[in-house]
Amino acid sequence: MDPPGPAGASSAPGGDAQAPQHHVQPLAQAQPQVAPAPAPPQQLSRYESQKRRDWNTFLQYLRNHRPPLTLARCSGAHVIEFLKYLDQFGKTKVHAAGCAYFGHPSPPAPCPCPLRQAWGSLDALIGRLRAAYEESGHPPESNPFAARAVRIYLREVRDSQAKARGIPYEKNRKRKQPAPPAPGEAAPSSSSSSSAAAAAAREAAAPATSGGDGSSGTAAAAAAAAPTTGQAGGSGGAAAPASTSSRV
C-alpha cells in the first residue's frame, strides 16, 4: 500500500489549497472623484469685444506691414496710414469736388464716387485703440493714437466729408434759453399807461359849460389811449386850451 502523498497532491499543479480571498473596496473609494465644473468665463460687453477685435486687427496690420513694424516703433503717421487703409472697406459715399452731387445730402441717382469710412466710425475706432494701447501696459506718453497728427487728420476728414455730403457737423450743445425780461423793462410802459388813463379821467370829469366841450373830452380820452407816451402828452396839451376857454 502506497503511503499517502503530501497534502494537496491531488489538487491542480500550482493551485492553492485555500479559497482565494477577494478584497472589496468601499463604495466611496471605488468611485472616481468628479472635479467641479469650471466657472463659465465672464461675457464681455459689446464695447470690450469690439475693442479687442480692433486691437487684434491693428496688430495684424503691423505684422503685415512692409517692412514689418513693431508696436514700439509705431507713430502717429503709421496710425494715419492704417486709417487710410481702412477706407477700402468703407460704406459711406463721399462725393468728389467735381461730382454733380457734391454737397447734396440726398443725391437722386448713383455716382461713381468712392466709398470711404465715415468720420464718426474712425473717431470711435481711435478712441478704442487709444484705450487698448494703455490697457496693454504701455505708457500714455508714447500712445501713437493720441498723437496730434492723428487729431488733425480726423478733423480734416470731418470737415471734408461734411462739405462733400452736405451734412454740416454740429456739436451737441445745449441751447440757451431766452433770458426772462428784466423787472425794470415793463415798468415804463405800465406807468405811462396809468398816467395817461389818469389824465383822461381828469379831462372827462371837468365841468362842461358849453355844448362843444364834450367833444374835446372825448378826443382827449382817445388820445390818451395812444400806444406811445409822446402822443398822449401832445393830446393833453391840445385839450387844455379848450377847457380854459370854457371857463372864460
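Axes here are lines fitted to C-alpha atoms, for helices over the stretch in contact, and angles between their N-to-C directions run from 0 to 180 degrees. The close-ups below all come from a predicted model.

**View 1. Helices α3 and α4 cross at roughly 135 degrees.** Here you can follow α3 (residues 76-86) and α4 (residues 119-135), whose axes come within 12 Å. Angles of 65 to 115 degrees count as roughly perpendicular and those over 145 as roughly antiparallel, so α3 is oblique to α4. The crossing is right-handed. On the α3 side, V79, F82, L83 and L86 make the contact, and they meet L122, L125, I126 and L129 of α4. By class, this contact has eight nonpolar residues, with no polar and no charged ones.

**View 2. Helix α2 packs against α3 at an angle of about 105 degrees.** The axes of α2 (residues 46-64) and α3 lie 11 Å apart. This angle makes α2 roughly perpendicular to α3. Look for T57, F58 and Y61 of α2 touching H78, E81, F82 and Y85 of α3.

**View 3. A closer look at α4 and what covers its buried residues.** With 17 residues, α4 reaches 25 Å from first to last C-alpha, close to the 24 Å expected at 1.5 Å a residue. Its buried residues are W119, L122, L125, I126, R128, L129, A132 and Y133. Among the elements covering them are α2, α3 and α5 (148-165).

**View 4. G137 follows helix α4.** This glycine has a positive phi, near 100 degrees.

Definitions and conventions
Residues numbered from 1 in each chain as written. Predicted model: local features only at pLDDT ≥ 70, side-chain atom pairs only at ≥ 80, totals over all residues. Heavy atoms only, no water. Helix = DSSP H or I, 4+ residues; strand = E, 2+ residues; numbered from the N terminus. Parallel < 35°, antiparallel > 145°, perpendicular 65-115°, else oblique. Left-handed = near helix turned anticlockwise from the far one by under 90°. Contact = heavy atoms within 4.5 Å. Nonpolar A, V, L, I, M, F, W, Y, C, P; charged D, E, K, R; others polar. Expected span 1.5 Å × (residues − 1). Buried < 20%, exposed > 50% of the residue type's maximum accessible area, 1.4 Å probe, protein only.
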